Every structure is written in structure tokens, then in C-alpha cells.
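Hi everyone, thanks for making time. Have a look at it first, and then I'll talk.

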Amino acid sequence: MPEVPDNDEPAHGPADQAGVEILRRLALDLRWSWSHASDEVWKLLEPVLWARTHNPWVVLQTVSPQRLSAMLADDEFRSRIEHLAAAVRAAAQAPGWFQRRHPQAPLSRIAYFSMEFMLSEALPIYAGGLGNVAGDQLKAASDLGVPVVGVGLLYSQGYFRQVIDRDGNQQALYPYNEPGQLPITPVRRPDGEMLRLEIRFPGYSLWLRAWKVTVGRLHLYLLDSNDIANYPAHRGITSELYGGGPELRLQQEIVLGIGGWRLLDALNIEVDVCHLNEGHAAFAILERARAFMQKNDLSFPAALAVTRAGNVFTTHTAVGAGFDRFAAHLLEQYLVSYAAEQLRLAPRELLALGRRDADDAAEPFNMAYLALRGSAAVNGVSRLHGEVSRRIFQPLFPRWPAGEVPVGHVTNGVHTPSWDSPAADALWTRACGKDRWRGALEALEQPMRSVADTEIWRMRAAARGALVEYARERLSMQLGASGAPAPAIEAARHVFSPEVLTLGFARRFATYKRPNLLLREPARLARLMSDPRRPVQIILAGKAHPQDAPGQALIRDWVRFVRRHDVRAHAVFLADYDMLLTEHMVQGVDVWINTPRRPWEACGTSGMKVLVNGGLNLSELDGWWAEAYAAQVGWALGDGAEHDDDAPWDAFEAGQLFDLLENEIIPCFYDRDAAGVPRAWVARVRESMARLTPEYSANRSVREYVEKCYLPAAIDYRARARQGGAAGIQIVNWLASLENNWHALKFIGVRVETSDRYHQFTVEVDLGALSPQSVDVELYADGLAKEAPQRQSMRRLAGPVDGGGACVYGARVAATRPADHYSARIVPVFPGVNVPLEAPYIAWQR
């Protein structure tokens, strides 16, 4: 293994240590990844290395001491970096939106756990959408002053890097991520010793190292297993992201969840809310409860009843098969001792937390089930995905209507300062001010609608031109690396035109994303691209998982198509889709195409990134676009319905895609006035920028998480944690009473009297041994059209006050719908408890 430099200290020692310290702090703060004020500094130090890596820490490590001393002696350079350092200090000290909006909030810290974080190309610990959301939310939290701490893994190789060979096949490479070249620092104890954590695995100890990433106001902590004290095989546990088999994945998720929570404890970071970004980190639920039960001498169920109040679970999965599942023998191998010794749980009790049926020995352990059962708030990542998730999780809530399955939604957003082009940033700054993304966004829409057509069109032309230059450079390098002949490499430097309508398609290549829709009519596509009056050019990029042969075949089909002699000047496939390539594409394309099979795209944030840059979306009515689409802001595919894996429907949508391009999009782009401005096109761009950019920003989504999830969770957690978690004991006793007595509930009779205006319902029930205070008797009716269901609590008219037995309840509802639309039901109730999430019992009138 390469020696790991200690990133606490500079790699060289010119006389001006104060200047070096300023540069070190700037290089190690990932705020530079979205506040580009320091870009010129790194470009001046090492222009070629900066252009290739966009990694200030590597630039600072590489530049010679002589060069660095000379630059620090330059008054203009020194003034620039001191000004930058002062700006960073001022930004860190200034109260953010959170401090201004919620100055007395009972919220000390949110711990954000994620398997991946996309923060910068300089820190390649991401694969795609999940990491994109995590990174963008961390950055937005920094902008807004939300007290978040991130927890993840440091991968020594990360997700694979892609090469396209001469035959058009994807090849996967795994270069080593040397920690000394990453913008991270080792976490040390107060005495200077490097912090190392121990996790007991069967028969051995796993030692974990900890690293810190500075993200503006916030910190992200990363764990890795590449410790010299570990066996060689175990040093590689955190080597690859989404690599290996189920056992390696389970090991990684134990490190993330259990190790991650222990790291927070070791750092004395007090946490009110734990946010699980997908189920990968769900073992943090167990460790958080363990720490609380140990501190307060509680049982695990009581500790979980307390701590789950402060846990938030976000699911990004659109099909149940996408959740991580582990065979029971793996759980028993790695966690049975932990459960018995630390949690005082039997193997069956541990496995029941991740199973639909606790008695089904063949059922695997589902991480999403654990996450849901250990949280007090659960959400999908778009409105449609919330509906899909309620269907996925309905088996855990038998007899509850799908609409009442306790899964809401917070639609994702993107961190706009990370994705805007310099030209777009300048335009937004002129219209809305420099600090526009650091507070509420309601005031941004109207100023953007006042921007002149010519100004928008100039911005779009500049961004498109920059993308063309970047595509030429990257394609020529790509061809050179694959051994292409010199004429082909030279030709790549002249592909495309900055004046031509530019389409973009980039994402993970998988069959459900249907990247081959445009290839269903290759001759028609070639004709559209080569039209001499109204040409079109397209840039494609994306990876297929190394084990996904069908996805790799889709890449091969596209590569072979773009290599055709009649196409190669109009279409390119750029290999190794990463954050840097994403930035250039979303900044420059005119139309972003997205063709998933509805409803399998949970959200689809790639299309959101073009909004701030004036790109338009042509997308399936799925994910975020299902709620964002309007005819004034883009174009839609499909009919808003689900068609599963339907080949005829795919063919229909391919035709629809071509018709939109040929009959609407291309004519609109090239319909210019005397000044050469496509007025109708620019009108769409303006409306998309003004209406959609603020709404689908991470600024909005993080503020929504704060007010919809984090603050309520913190309040509830603190309430349950008082008096050593006494509320947890009460909740466990209530749940035990329900478990033992719910089966005895029965309806004795229901009577309805109807007048012209009202239905009067009288219901007699036998509560058995349950107290009337532990249940609620309701009238329920399904919602009509798109209305919400009707729920009305019934008033107890007769029966014992404290004990159970026969009770009579009554309620009156308006006679605006037939009486037989209503059914009586009994649901549990307890102060502060989320039903049915924490108590999925329900009894219906037969």
C-alpha cells in the first residue's frame, strides 16, 4: 500500500508558513467546489494539473516550494488569498437561514448517514444519484447554516472508472485513491493519536480509521478499514463502492451504521436527529439504541422506542427488489454476538426487525424494513415516488389503506451553485443578487422573468460553446487512450458546432432507463442530426454496473452507432461519466433527455441540474418531472400511466420522442427573428429557469427537511429521552398490551340513522382488556376522485372509563355521500406515537 501522508501538514516548507497555512485551509475546505472564487488561485499555481484534476490539495502538494514562495511573495496573489480567507471566515461566522428562522430551535445536530457522497471530483467516493443527493444536501445545509454532520465511508478504490475499448465494450478500472492526495485530514484524539475504532467481527477485531472532510460550515466524517492492524482481506472491506458480494456489502453497512455512530460518540458529537439516506446505514438504529440503553439502563425495546423518535429514513428505491437483503446466516454470523451481548436480543428478535414475517426462517433480512421500523418519519424522494413507496411498504401495514401507509415525500433538489456555468451564475447574480441561494427563494421568480431575451440567449450561446470545446478535448483524449489512429484523434478536435441544437443524455445505463429509445429508428435519428438547415448534435455518457450485461450491451450499441461515418460528426459517447463531465454537460446542453420506464425513476435529479443553466427537459412523466412538467417549461413523454415492461408501448414512446424532436423542439430552436434570437425558445427557457430552478433546488429540499422532519423529530426525541427514557418504557408497555389483547377486539353492532343533512352512526364495540384511552374508534371513507380519505373520530357515549369491555361510540357526518361509503374501525392511540408507523394494528367493522 502507498504510504499515507499526514494531511495535517503541508508537504513543503517555504519561509512564508502563514501564506501556506491560508492555502492549506482553502484547499481542504470543499466550499471551493461550489464557490469558485478560488479557482484562479489554483490555476495560477499549476494550470495543467488544475484543469485535469480540479483538486486544490493535489495542486498544493505538487507545486514546488520555490514556485510557491514566489507566488506568495507576489502582492496581488497574496492579497487575493487573504481576501478569500477572510470571506470564508465571514461566511462561517454569519448567521444562516436556520439561525435566523429558528433561533431557539431545540436541535443541536443532525447526523446524515449515506453510503456515498458526491461533493467534488477531487473526492471520488460516489457512484451516482444517491451520492449526488447526499453531497448536494450537505452543501445546501452549509449554505443555510443547518447543523448537519455527515457520516460515510472512505473507499480506497471507490466506484469503477470506465474505459471504452476499440470494440465499443465497457472496461472497468479501479485506480487507488491515495488519502494523501484527497482533501481530507485524519481525525486525531486530543493527545494527537490517530483515532481508531474497533468493531468486533466473528473471531477478530476490525480496526477503522477516521477522516474529516470540511464542507463549508460543516464536517463529513469518513471511516475506512485500510488499517495496518487488519488482516489483508479485511483491509479491503472499504475498497470498492457497490462491489463484491452480499458478505462484503453487509460488512460495509456494519462499518457505516455501527461504526459511524460509535465515531460520533467518540467525537462527543451530541445528535438529536439521525437521517438515513437509504437503508444501507440502518444499523445505526441499533447502535444508537444500544448507546441509549447502556447510558440509561433500559431494555433494547424501550431504548428503541425513545431513539426512533429522532430517526428519519429516506428511501430512494422504486422497486422492492432494490433494497439490500441479507440471508439469515450472514446476519447470525456477523451480528448474533453483538445482539446478544450488547442489545440483549435473541437471534429471532434481531431478525424480526428486518422481516415481514418474524416466523419465516427463509425470509432474508431487509435493511429497508429495519430502517422503517427504527424511524419516526419515512419519505420518498418525489410525489410519485411517495405513492410507489407506500405500495412497496404496504405489506408491513396489513389492512391499512395504501394512502395511509406512513411514507410521505420530500422531492429532491440540486445544489444550484455546484452546477451553474459561469455565464449562468453571472446572469442570476445580476437578476437576483449574490446570496440568492442562502435563504428563502420565493423572491427569485419575478426578477428572472424580467431578464431580456438577448441576455438569456447570450448566456446559452456561451455555455453551449464551452461544452463543445470540452467535448472535443475529452473525446480526443479518450480516443488517444484507446489506441485510435491519429486521424480519428485529430477529427475529434473538430466535432460539433457551438451554433447547433445540443441534446444530452447521461445516466447509469440500465434497461429500465431505456437509453435505446432513440436507437429504435437509427436512420431517422441520423437524418435529423445531419439536416443541413436544422442540424442536431447529441452528447451521451453513462456507466453500466460491471455485473449488468444488458446495460453494457446498451452502451455498446450507442458506441457503435456514434462511430458510423455518417454520425460521428454529430454524436459522441464520452467515457467515464463523473462529476466533472456532468458539470460541463448540464451547463451546456439545450435539451436534457430522460426516458425511464415509469414509475422506476424515484426522482431523477440529473434533469434538475440543467434548470439553472437554461437547459430544457424532454422527459418521461416520472420522478420529479411528473410534478414539475408544464407545457411552458419543457416537453413530456408518455401518458402519465404505468405500462410495465411493454415492448409495444416502448415503441410508441420512441415514436413520440422522435415526433417531439422533429415537429416541436427542432423547429422552435431554429425559428429566429431578425436579431437571430429564437423568441419562443427563450420564453420557455426563461419560464423554466424562473419557475423550476428555485423549487427543485437543494435549498428548498433541505429547508423542507428541517421544518417537516428534523425539527419535529428533535422535539419528539427530546421529549421521550427525558427522565432517562421513561416514555420509552410506557410505550413498550402500551405496545405489549396491544400485542396481547388486540385479537380480542370485536364490533358488536353498528346502527345508522339518516336525515336530509346527516348520517348519525352509533357503534358498539367490545374492547376486551384494552383501555378506551389506548384506542380510537373512527369512521373512515375512501377519498372521492383525488380527495383525501375522510377520517372522523367517534365520541364515546357509554362504557367503562378506565377498564375495557363494551363501549358505545357515536359520530355524525354530512349526508353528501351514501352511508354505506363509511366503515367503522379501531386504531391504537398513544400520546406522541406515530400510528401506524410505530403500531400497525387496525380492526375493521366486518
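Predicted model: local features only at pLDDT ≥ 70, side-chain atom pairs only at ≥ 80, totals over all residues.

Okay, so how do you look for holes in a protein? Rolling a probe the size of a water molecule over the atoms shows where empty space is left. Searching the whole structure that way turns up six cavities of 30 Å³ or more.

Let's take the largest cavity, with about 70 Å³ of space in it. Which residues line it? You'll find W32, S33, H36, D39, W50, H54, S120, E121, M579 and E583 around the largest cavity.

Now the second largest cavity, which holds about 60 Å³. Its lining is made of Y112, Q137, L138, A141, V148, V702, Y705 and Y710. Here the classes come out as seven nonpolar, one polar and no charged residues. Two helices, α8 (129-144) and α28 (698-741), each give at least two residues to this lining.

Okay, on to the helix. It's α5, residues 65-72, and its buried residues are L68, M71 and L72. Where do they sit around the helix? If you look down the axis of α5, the buried residues fall within an arc of 95 degrees, so they line one face of the helix. And what do they pack against? The partners of those buried α5 residues are α1 (17-27), α2 (39-45), α4 (56-62) and α6 (75-93).

How values were computed:
Residues numbered from 1 in each chain as written. Heavy atoms only, no water. 1 Å grid on protein atoms, 1.4 Å probe; cavity = no way out; pocket = protein on both sides within 12 Å on 5 of 7 lines; lining within 4 Å. Points joined across faces, edges and corners; volume = space filled by probe spheres on them. Helix = DSSP H or I, 4+ residues; strand = E, 2+ residues; numbered from the N terminus. Nonpolar A, V, L, I, M, F, W, Y, C, P; charged D, E, K, R; others polar. Buried < 20%, exposed > 50% of the residue type's maximum accessible area, 1.4 Å probe, protein only. Arc of directions from axis to C-beta. Contact = heavy atoms within 4.5 Å.
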